[in-house]
Amino acid sequence: PLHGVTFAIMWSTSTKYAADIAPPGLGATMQGLVSGLHFGLGQGLGALIGGAVYEIHGPRFTFRVSAGIALAALIILIISQSISNRVRILQAKAQSKAVYSMLTDELDPESESSLSDSPNSQLLNEFQ
């Protein structure tokens with residue numbers, strides 16, 4: 001029962017993430033890649049490598065190695081998401097500073113462009 005719940009969470013999350021990062025119109029292609037990598041490459045290599053390790057070292061060692069790989073993957077995921085979130089925050093701050101700078105330069109009477117050149121000059125003149 002636990003595998004069914006965890007697999008459903010993993011699969012829905014991975015397909016949603018693939019659709020989110022896909023370029024416009026390529027969401028289905030990305031989901032196909034996720035499916036192919038998971039069911040084809042991932043399970044195929046996992047069965048081959050896991051079977052060989054199991055045969056040579058036994059079940060305990062194989063389970064421990066698998067748990068270590070899962071833990072390493074979790075750590076990599078947490079670090080990569082943390083970096084990605086910080087980059088998004090920095091990009092949003094830079095964009096908001098640029099917009100603020102454009103707005104304040106447009107309203108600053110000492111700036112190179114005057115208010116009469118502004119697209120909102122008629123509206124601004126009505127309120128002066």
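A residue counts as buried when its relative accessible area is under 20%, as exposed when that value is over 50%, and as partly exposed in between. By this scale Trp-11, with a relative accessible area of 21%, is partly exposed. The structure discussed here is a predicted model, and every value below is computed from it.

**Overall architecture**

The secondary structure of the protein chain amounts to four helices and zero strands, so that the order of elements, read from the N terminus, is α-α-α-α. Of the 128 residues in the protein chain, buried residues make up 6%. When contacts between residues at least 6 apart in sequence are considered, 23% of them join residues at least 24 apart.

**The aromatic cluster**

A pair of aromatic rings is described by the distance of the centres and the angle of the planes. The structure holds three aromatic pairs, and two of them are set out in the table.

| Ring pair | Distance of centres | Angle of planes | Class |
|---|---|---|---|
| Phe-7 and Trp-11 | 6.0 Å | 10 degrees | stacked |
| Trp-11 and Phe-39 | 5.2 Å | 50 degrees | tilted |

Phe-7 and Trp-11 both belong to helix α1, where they are four residues apart, or about one turn of the helix. Their planes stand at 10 degrees, and the pair is therefore stacked, given that planes under 30 degrees apart are counted in that class. The rings of Trp-11 and Phe-39, by contrast, have planes at 50 degrees, and this pair is therefore tilted. Because Trp-11 lies in helix α1 and Phe-39 in helix α2, the second pair ties together parts that are 28 residues apart in sequence. Phe-7, Trp-11 and Phe-39 together form one aromatic cluster. Phe-7 has a relative accessibility of 25% and so counts as partly exposed, and Phe-39, at 39% relative accessibility, is likewise partly exposed.

**Two buried threonines**

Thr-15 is a residue of helix α1, and its relative accessible area of 15% makes it buried. Its side chain reaches the backbone oxygen of Trp-11 at 3.0 Å, so that Trp-11, a member of the aromatic cluster, also takes part in this polar contact, for which the N or O atoms must lie within 3.5 Å.

Thr-62 is placed in helix α3 and is also buried, because its relative accessible area is 13%. Leaving aside neighbours within four places in sequence, Thr-62 is in contact with Gly-50, Val-53 and Tyr-54. For Tyr-54 there is a polar approach as well, since the backbone nitrogen of Tyr-54 lies 3.3 Å from a polar atom of the Thr-62 side chain, a distance within the 3.5 Å limit for a polar contact. The C-alpha atoms of Thr-62 and Gly-51, which are 11 residues apart along the chain, are separated by 8.8 Å.

**The largest pocket**

The largest pocket has a volume of about 840 Å³. It is lined by 24 residues, of which Met-10, Ile-69, Ala-70, Ala-73 and Leu-74 are the closest to its centre. The elements that contribute two or more residues to the lining are α1 (2–21), α2 (27–57) and α3 (59–107). Helix α3 provides the largest share of this lining, with 11 residues. Sorted by class, the lining contains 17 nonpolar residues and seven polar ones, and there are no charged residues in it.

Terms used:
Residues are numbered from 1 along each chain as its sequence is written. This is a predicted model: local features need pLDDT of at least 70, side-chain atom pairs count only at pLDDT 80 or more; totals for chains, interfaces and linings use all residues. Side-chain values use heavy atoms; hydrogens and water are left out. On a 1 Å grid over the protein atoms alone, a cavity is a set of points where a 1.4 Å probe fits but cannot get out, and a pocket is an open set with protein on both sides within 12 Å along at least five of seven lines; lining residues have an atom within 4 Å of a point. Grid points are joined across faces, edges and corners, and a volume is the space filled by probe spheres set on the points. Ala, Val, Leu, Ile, Met, Phe, Trp, Tyr, Cys and Pro count as nonpolar, Asp, Glu, Lys and Arg as charged, and the others, Gly among them, as polar. Buried means under 20% relative accessible area, exposed over 50%, partly exposed in between (1.4 Å probe, protein chains only). A polar contact is a pair of N or O atoms within 3.5 Å; within protein, one must be able to donate a hydrogen and the other to accept it, and residues adjacent in sequence count only if both atoms are side-chain atoms. Rings of Phe, Tyr and Trp (its six-membered ring) pair if their centres lie within 6.5 Å; planes under 30 degrees apart count as stacked, over 60 as edge-to-face and the rest as tilted. Contact means heavy atoms within 4.5 Å.
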